[in-house]
Amino acid sequence: MLKYVSKKFLSMIASLFVLASATFFLMKIIPGDPFIREKAIPEKIREHLFAMYGLDQPLWKQYLMYLNNLLHGDLGMSMKQQYMSVTRIIKESFIYSLQIGIFAIILSLAVGLILGIIAALNHRKWLDSATIIIAVLGVSIPNFLAASILQYVLGSKLRLLDVSGLNDPTDFIMPVLALSFLPAAFIARLTRSTMLEVLSADYIKTARSKGLNGRVILVRHALRNAILPVVTYIGPMTANIITGSVVVEQIFGIGGIGKYFVQSITNRDYTLIMGLTLFYGIILMAARFLTDVAYGLVDPRIKLTKGKGG
Amino acid sequence: MKKSIFTYLTLLVVLTLVLAGCTPKENNAGEPNNATNGEQTVAKAFRMNLHSEPSSLDPALMEDNVSGTIATGIYEGLTRNDESGKTVEGMAEKWEVSEDGKTYTFTIRKDAKWSNGDPVTANDFEFSWKRSLDPAMGSTYAYQFYYIVGAQDYNEEKIANADGVGVKAIDAQTLEVKLVAPTPYFLSLTSFYTYFPSHQSVKDNEAWAADAATIIGNGPFKMGEWQHNTSIKLVPNEHYYAKDQVKFTSIDFTMIADSATELANYETDALDYTGKPTGEIPAEQIPVLKDSMKDEFYQKGIASSYYYMFNTEEVPFNNVKVRKALAMAIDRQAIVESVTMAGEIPSFGFVPPGIIGVKEDYRNEVKDDFFTENVDEAKKLLAEGLAELKLTEFPKVTLTFNTSDGHKKIAEAIVEMWRQNLGITVEIENQEFPVLLKNRSSMNYQVQRAGWGADYNDPMTYMDMFVTKGGQNSTGFASPEYDALIKKAYASGDQQERIDAMKEAEAILMDQMPIMPIYYYSNVYMLKPGFKNIFLDYKGDIDYTRGYYEAK
Amino acid sequence: MEDKQLTPDQFAKLSKDEKQTDTIVRESISAWKDAWLRLRSNKIAMAGLIILVIVAIMSIIGPIISAHDFQTNHLKEKNLGPSVTYWFGTDDLGRDLFTRTWMGTGISLQVGLYAALADLVLGVIIGGIMGYFGGRVDEILNRICEILYSIPNMLIIILLIVIMEPSMFTIVLALSITGWISMAWIVRGQIMQLKNQEYVMAAQALGANAVRILFRHLIPNAMGPIIVTLTLTVPSAIFAEAFLSFLGLGVQSPAASLGTMINDAIKAWTLYPWRMIFPAAVISITMLCFNIFGDGLRDALDPKMKK
């Protein structure tokens, strides 16, 4: 296990390096710079600003400087928000995104699994169709539309909830719902189809013929196996929720990290772009790493092949 | 099993509903606004939306209207603008101007204090202005000081020492400012945020402006709380010299980027103010709100121009007739009525209303009738222009604008007018703002959307843009005649002479048409009934500092 | 042991009918045909397919049967509700929404299909190589995939679109840069499972080369999950484009996708609901149908599910 973990860790570092380099050069290709304004800044001042952030250096030197700073854990200062370090921006905003993200993951898993199981147990009955329609509707509506409709109905019309912000516990309901639609629906479908597959497998039939009761079969055999694909979905789901948070945070006026996602590029805030990319990269990799570990825990067969394949 | 799953599911649904239902809301955002009975001033907070995080709250580094909106509360310059646009006393209780108009002597009021209780002195102003000009500050707005002797040289490192800059504290109360040329609008400049003072202790803490706790201001309010990218709360400054004029218990700023969300907040009574300058009302809601919320709806023309620039160095826009044809072939009235809908004014000149001329509004003194819309004439001009260029048909050109729904709609409408009226096809393309600006400065465009807001209250803030090879002139327009007129207006201290020169210059600009005016901006906003004395100045910047709430 | 004597009378001549008991009378059904039969019996999935076909046809003929073109402004007739003249109403510039909706549908579908095609080509080739060869090759390619996959793709997509200026080509390209990876992994997983099966060994024993085995034997057998993934790639690409539209990076005006139309309408949908309802309905129906059809397809292609 330790060997596996350390190997994974090394590969994550490699990924991060590639990611950092790719983003660095891509970012530098985009026309424009952080100090370009409709009211053009005098040339002399621009030169000063460039020098201040080391942008006057040749590209390779900037790159080496950046990597060097990165090694020392220094993500630099934002070029747009004066005297705010990138680390601080990420720290202060991520807390909001993390909260709604975690709630969304929990809700998606809970709702998705329950709906999927209900559907599978009632295969080809109306309850199956009903859950599936609900689940499919979830993946049929763009999240910005869902968020807007939620906001209008629950916030503006019924006035049950604040239309935006994150001041009270109830303020979490709408953003979390909006974020969970898609993953919950996806999980429901995933669970349904694997459950169906598992339920028709020979070992379940054997268990049944042995006279084990339905609950034992379901929990000990069917559920455990049906959960596997859902575990592998944790990685993509995290990515999905991160992307979704960009829209959801904008619509619900939440000062989370998603708000910076596009803003940093629009502002050409180079250090923030780099910081965010790396940060997102780390989260996604961590999610995938956890997926792998969880997969190994749930399915003992995996360990053997992992040992060989990596 | 089936049963227990249902139980869980039901539980979950019930839980959600209970959570949702248990706290019905009428009002959010911190303190509830308690209004008591009777027609009287009521202690109340004022809640408005900033849209986004300010770029900085350091006067040397502020450069957007979000920063400016907060700065209006927490700082005060030598002067202030009142509702009518008149410059009134601020930190300075009086001032004298020398005979030649080149030396200003300000007397700082004795009871002027910082939010920590320290007195505000002339030295503070000298310190902060020189600090902004220090090249190492990298202040993008430092050019606002270039009217002062030595300012530009110091900022551009032509002189190494700030001592050569013409701003000097004679004593704690007296500030002497020496100008390069008589600048009639200098006084109005001293109310602009770049001219705000900063406390001298800031030199010991580089990151002072990044946190509420370390910001020392001198305005009617001071920083209460700052949750980055989320909200800012201002509370009254008990050391402010006119603290009895400050009525609001706090100013609560939100940072909501989505205009529909902002409006929903206003409609559910979570905001007292929505719309410009920092927020936005969705354009398509405007005609409806104008009727349905008459008592809360306001629109005010502001000193900003919306126009398209032509690249006059490239075919076909190197031909003045082609440029004119395009400018004459659109229906500006239809655009402001049906597309932008915020009460904008069709423009046939460059300088917007709201800018002071000799005695009154420049636009009243100099009518903007430099050209008219005329499709037939436009067709003729286009044909002639193309013939002069030896072209048989209109070449492929692209109109670029910075990514925004509003600009896109305008571009779509204008291109369609050109197609219907002139029979020409112009492609449209949105570019991200920095890309657009990069292409502008390198003149890598054909037609481009642009806008310009006033820096100070004088036509010069518009007219000096188009001097040959000027920093803002990315059209390739070059006219020695125009340059001479601008130079003349610069040097003169006589307002009539200056305005006459600029009037002639504007006529040249509109005759050569390197830019095609479209409309003069208007700010649309809504304010809850009962709020008084909150106003927008000529530039459209909001002043809430002396606002109050009067219960009915 | 008693000796049994065989006598001729113990043997009777088989009748003609009796002779043919070993031959298969029923027409042999290929796996694909079998799948099709099963799909056809799945009414919901078939309904999805039929609606998809209708939507696709409408995206082509819709703009033709309409009396209006997609870009002519009628500023005097803006934001009109559905009527005899304008079947779906008009938008904020008085453009006919019927024409625009179907044109937008076409563009959204194209984005989805091209993105799926790009994923298919890249994913199948690279996933096939990874799965078949395994070992070092697999490890290196897998590492590359992992690195690419861990990149927050939306950030890269946005960067790419900003660099190359938004257009349908750019959007498809940007979406496929990371999109093919999941396809590759699915193919890889399938091939790894399949390659140890007897028929592959048999093919290897018969001297078939890698390319032949891969494309002749393995990929066709992995086609089920591939197709299912594809039917899910199309809607997710359409969604991704809608998401980009929300950020102002969708297809360029005057062309419009369903995503850009919804985004245009969203700021005033309470006032002019039809401007959002029609494109939103089409995009949702398209999504819905792709999904239920994809599900049906998976059920049909997975013989394990056969009862």
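Which residue follows helix 6 of chain C? That place belongs to Glu165(C), whose phi is positive, near 65 degrees. The model is predicted, so local features need pLDDT of at least 70 and side-chain atom pairs count only at pLDDT 80 or more, while totals for chains, interfaces and linings use all residues. Residues are numbered from 1 along each chain as its sequence is written, and chains are lettered from A and ligands numbered from 1 in the order in which they are written.

Helix 6 of chain C itself covers residues 153–164; helices (H or I, at least four residues) and strands (E, at least two) are DSSP runs, numbered from the N terminus. With 12 residues, this helix reaches 16 Å from its first C-alpha to its last, close to the 16 Å expected, where the expected span is 1.5 Å times one less than the number of residues. Buried residues in the helix include Asn153(C), Met154(C) and Leu155(C). Here a residue is buried if 20 or more other C-beta atoms lie within 10 Å of its own, exposed if 12 or fewer, and partly exposed in between, with C-beta atoms placed from the backbone.

Chain A is divided into domain 1 (2–66) and domain 2 (94–309), with bounds from an automatic or database domain assignment. Their centres, taken over C-alpha atoms, are separated by 33 Å. The contact takes 14 residues from domain 1 and 13 residues from domain 2, two residues being in contact if their C-beta atoms, placed from the backbone, lie within 7 Å. On the domain 1 side, the largest share, 10 residues, comes from helix 1 (residues 2–29) of chain A.

Turning to the neighbouring chain, 56 residues of chain B are in contact with 52 residues of chain A. Helix 1 (2–21), helix 6 (259–267) and helix 13 (433–441) of chain B each supply at least two residues of the chain B side, and helix 1 of chain B gives the largest share, 8 residues.

In strand 17 (residues 447–453) of chain B, 5 of its 7 residues are buried. Strand 17 pairs with strand 13 (residues 297–310) of chain B in the antiparallel sense over 7 bridges, and with strand 15 (residues 397–402) of chain B in the parallel sense over 2 bridges; pairing requires that DSSP finds at least two bridges between two strands. Val447(B) in strand 17 has Phe310(B) standing opposite, and Leu399(B) also stands opposite Val447(B).
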